Amino acid sequence: MNDSVDRRTFLAAAALGSAGVVAGVNLLGPSAPRTASAATAPPAPAAAPNFGLAKFLDPLRIPPVIRAHARRNSGELTITMTTSRTRLHSQLPETTLWTYDGQFPGPTIEVRSGKRLRVAWANELRGTVPLVAVRAPYAVPTPANRPGYRAADGSLPAGVELIEGVAELPPWNVVHLHGALTNAGNDGWAHNGISPGHTQLTEYPNRQAATALWYHDHAMAVTRFNVHSGLAGLYLLRDDEEDRLRLPGGDHEIPLILADRNFDTDPATGALTGRLLFKFQYLPASGTTAPVTGPFTLVNGGIWPHLDVDARWYRFRALNTANGRFFRLDLVDEAGVVHNDAVRIAGTDAGLLPGPAAVPAGGLTLTPGERADLLIDFSRFPGQRLRLVNTGASIEPDIMEFRVESRRRADGFRLPAELSASYARLAHVPEDHDEVFVATTPPGVAGRPHPEMWELAEITDPAELPARFPAEGVLQLTDPAMGHVRTFRKVARLFDDTTTIFVDRGRWVVWNLIQLGGAPHPMHIHMARFQLLTRHKFADLTAFDIATGGTARPLPAPAGGPAIEKHEEGWKDTFNLWAGEWIRVAGRFEDATGQFMYHCHILDHEDEGMMRPFVVHPPEVSRFHMHAGSSGHHPGMPGHGGH
């Protein structure tokens, strides 16, 4: 959910479906960031309660670093999943967590590009999932997702209920290295969870440019609970190109692993217990839920921390590990004045940008799963206190505080004009490429309360067109590139439906991602890196009939849409799809093969069905593979390309 929209607005939009407009007000949130100069104060957010925890009291924690290719490790690691207890704030009781090597977040694994790493992920977790999961009706004016769920006498208020079965969930886990270019057997296939006493063996070739990846749980249907319980960590790739830049390093390169959480309370006193609370907010009339968010923002496992910094340049590796919260980042001073002109974006999901990019007007949005490589010049602020804030937040905008030392320091770093000389912007995709079409639909289609993700196949034979429109699962779209109407039918929507996407290794593929209303979706595609080619926006989605689940008439050609920002031109693996957008992203499926996944990285949406598989084969093998899309060709017969 975009935090520029409050919870009531989001739920109202979800209930309305594709229209999302009442009395001329767009309930789905902005499709482009707000505009603001680098030195203006953002609109003051509503005052938010701290629920008894002091902000900026605790120092920022730095996860321990494992340099995987140090001599003692020899390219092999064992990381053990264990149940641990820790304080997420010094004024909070201990919280039980599932962790990697007893750390939340897990240790930062650092590797060299081109050097293979084998990791044994050992499951030694115990007990059931360490959180309480409830459903609570959205109520105004109660602050969205406040702590606790029980009345003073311990009873459940009207409409509040425990989520059946969650309390009994055992440890069942599989690790995915997000952004890694690795064969499918090492990718963390969602059905391949392991139980305590077993080990997942993986091999990561690391044949990719310097960047920040992250590892996290990816178990089928329970990813949201497992990640929320603590199973996430950072993975840094280094290479010679990055080394030559002499970017800030050592104590001046710091991870900022962002998350949000909620906590249970003692019914009698209202005091926070430290127990994780996974609270769904829902509309009783439709059952539609909003992605789970919490009022407490964590950085590196601590709530609202502070960091003492030298008056010089720093490098921050920012990562959004939240279940569903979007972070729109701004750097502000004590008066609330924005100083984003002191920040440069050096890289995104899959590596360095060609040159430093300015923060967009209105802040840098990080959706769940996205990363940003940030450079901040604190030499401009000696003796000052600055805050990193989520200026779109509807609960608590503050994330953390920077305390800049008073004296200036000698700093040999100079911001380079060029970062990645190896980067090349895709001017065009090779003519011989494949196209994939995927549409996301709002809640309410055929009475189903959750948004969905549909794989589409084009209808080219007029005899296969439905007799009348709207028809369930049939979409007519005016293609902005071709200038004419194209008709598609839904061929899959659930993870275990028939696999329909087959790719020859080495081929370029353009993914057409089309959003037909409702909440935005950060779409993550495994195993390859991509560039954003185009972004268009439908002016009107009313042609999509929610009740039927098809278009009553062709959707008009999308036009315009927010311009592609400079930092969005980099290689990425997660792309946010705002309401009414049609984006095209291109990537080449090189080297690795097997069965992979793509999905919305809002973990509630992923677990509720917005995830699908695809297969990459060697082209010599694919000609022999019979599948639903093989058009009747027999193995070995000419013309069977397998894609």
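1. Pro 105 sits in the loop between β5 (95–100) and β6 (106–112); helices (H or I, at least four residues) and strands (E, at least two) are DSSP runs, numbered from the N terminus. The peptide bond that leads from Phe 104 into Pro 105 is cis, with omega near -5°. The model is predicted, so local features need pLDDT of at least 70 and side-chain atom pairs count only at pLDDT 80 or more, whereas totals for chains, interfaces and linings use all residues. Residues are numbered from 1 along each chain as its sequence is written, and side-chain values use heavy atoms, with hydrogens and water left out.

2. A cis peptide bond also runs from Phe 469 to Pro 470, here with omega near 0°. Pro 470 belongs to the loop between β30 (452–458) and β31 (474–478).

3. Asn 206, in the loop between β11 (199–204) and β12 (211–217), has phi near 60°. Asn 206 is buried at 2% relative accessibility; buried means under 20% relative accessible area, exposed over 50%, and partly exposed in between (1.4 Å probe, protein chains only). Ala 221 has phi near 75° and is found in the loop between β12 and α2 (223–228). With a relative accessible area of 35%, Ala 221 is partly exposed.

4. Which residues touch the most other members of the largest nonpolar core? They are Ile 109, Trp 121, Tyr 235 and Ile 303, in a core of 47 residues. A nonpolar core is a set of buried Ala, Val, Leu, Ile, Met, Phe, Trp, Tyr and Cys residues joined through side-chain atoms within 4.5 Å. Strand β16 (residues 272–282) supplies the largest share of this core, four residues. Apart from this core lies another, of 34 residues, among them Leu 329, Leu 364, Leu 388 and Val 404.

5. For Ile 303, leaving aside neighbours within four places in sequence, the contacts (heavy atoms within 4.5 Å) are Leu 53, Leu 88, His 89, Leu 92, Phe 263, Phe 296, Thr 297 and Leu 298.

6. Glu 405 is in strand β28 (residues 398–408). Is its position buried or exposed? Glu 405 is buried, with a relative accessible area of 17%. Its side chain makes a polar contact of 2.5 Å with the side chain of Arg 409. A polar contact is a pair of N or O atoms within 3.5 Å; within protein, one must be able to donate a hydrogen and the other to accept it, and residues adjacent in sequence count only if both atoms are side-chain atoms. A polar atom of the Glu 405 side chain also lies 3.2 Å from the backbone nitrogen of Ala 311. Not counting residues up to four places away in sequence, Glu 405 touches Val 309, Asp 310, Ala 311, Pro 382 and Gly 383.

7. Strand β41 (residues 594–600) is mostly covered, with five of its seven residues buried. β41 pairs in the antiparallel sense with strand β35 (residues 521–525) over three bridges, and with strand β42 (residues 611–617), again antiparallel, over six bridges. Two strands pair if DSSP finds at least two bridges between them. Cys 600 in β41 stands opposite Met 523, and Met 597 stands opposite Pro 613 in β42.
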